[in-house]
Amino acid sequence: MWIYLEKAARAIRACFCWKRCILDEWPVKLDGPAIIIDETQTIVVSPDAIVHVLQTCLVIDLESAPREASYSAQVDPVRLSIFGHRFMSVAEQMGRTLQKTAVSTNIKERLDFSCALFSPDGGLVANAPHVPVQLGSMQFAVRYQHKRWLGKLKDGDVLVSNHPMSGGTHLPDVTVVTPVFKQGTDEIIFYVASRGHHADNE
């Protein structure tokens, strides 16, 4: 029997040891990943471990097993922090520009707006610390527009929406979504979006 774990990106062999006494030789050495099952428990052996099956117990060795480089070990924390702050800085500057250029009291004084950056498929990348209720649903608005206009957008296009069915909050909150293209191509490399409260009397 084989079990596939997505995070491990490899198959895990299931070793059924319902009655350990049927094994002829002791101890039995197994390299992870594996699953060991007996009458009362199920033990998952990670890919970077070695398990020794004894007559009365199991010994899992995490030190002597050859370790594979994990994804987290390949990420430079300094680089991750630098780019994370850069993306947040872009969203914060979007907000400051929107506030300075706005005529509406809701935007300029009440600060009822939010700005964020999104991935090419509409997933949230970074947002400024603005209105949480707007930021929470803005990703759904961007993804809706991305799927709705996939392959039809060109450089310079701007999408405006306030429909609750397309990721909006309530009708006065207007969302402006702008795709950013790789220079000289039709490939969208990210989206920027802003959402602000538009009063009826403005």
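Two strands pair if DSSP finds at least two bridges between them, and strands here are DSSP runs (E, at least two residues; helices are H or I, at least four), numbered from the N terminus. This is a predicted model, where local features need pLDDT of at least 70, side-chain atom pairs count only at pLDDT 80 or more, and totals for chains, interfaces and linings use all residues. Residues are numbered from 1 along each chain as its sequence is written, and side-chain values use heavy atoms, leaving out hydrogens and water.

**View 1. Let's start with an open sheet of 5 strands.** The order is β9-β8-β12-β11-β10, with antiparallel pairing. At the edges lie β9 (124–127) and β10 (159–161), each pairing on one side only.

**View 2. Here strand β8 meets strand β12.** β8 (residues 113–118) and β12 (residues 188–197) run antiparallel and are joined by 6 bridges. Look for L117, which stands opposite V192 in β12.

**View 3. Now find F83 and F87, an aromatic pair.** Their rings are 6.2 Å centre to centre with 45° between the planes, so the pair is tilted (Phe, Tyr and Trp rings, using the six-membered ring of Trp, pair if their centres lie within 6.5 Å; under 30 degrees is stacked, over 60 edge-to-face, the rest tilted). The two residues are 4 apart in helix α2 (residues 77–101), so about one helical turn separates them.

**View 4. Finally, two charged ends sit over rings.** R86 has its charged end 5.6 Å from the centre of the F83 ring, while that of R148 is 4.6 Å from the W149 ring centre (NZ of Lys or CZ of Arg must be within 6 Å of the centre and within 35 degrees of the ring normal).
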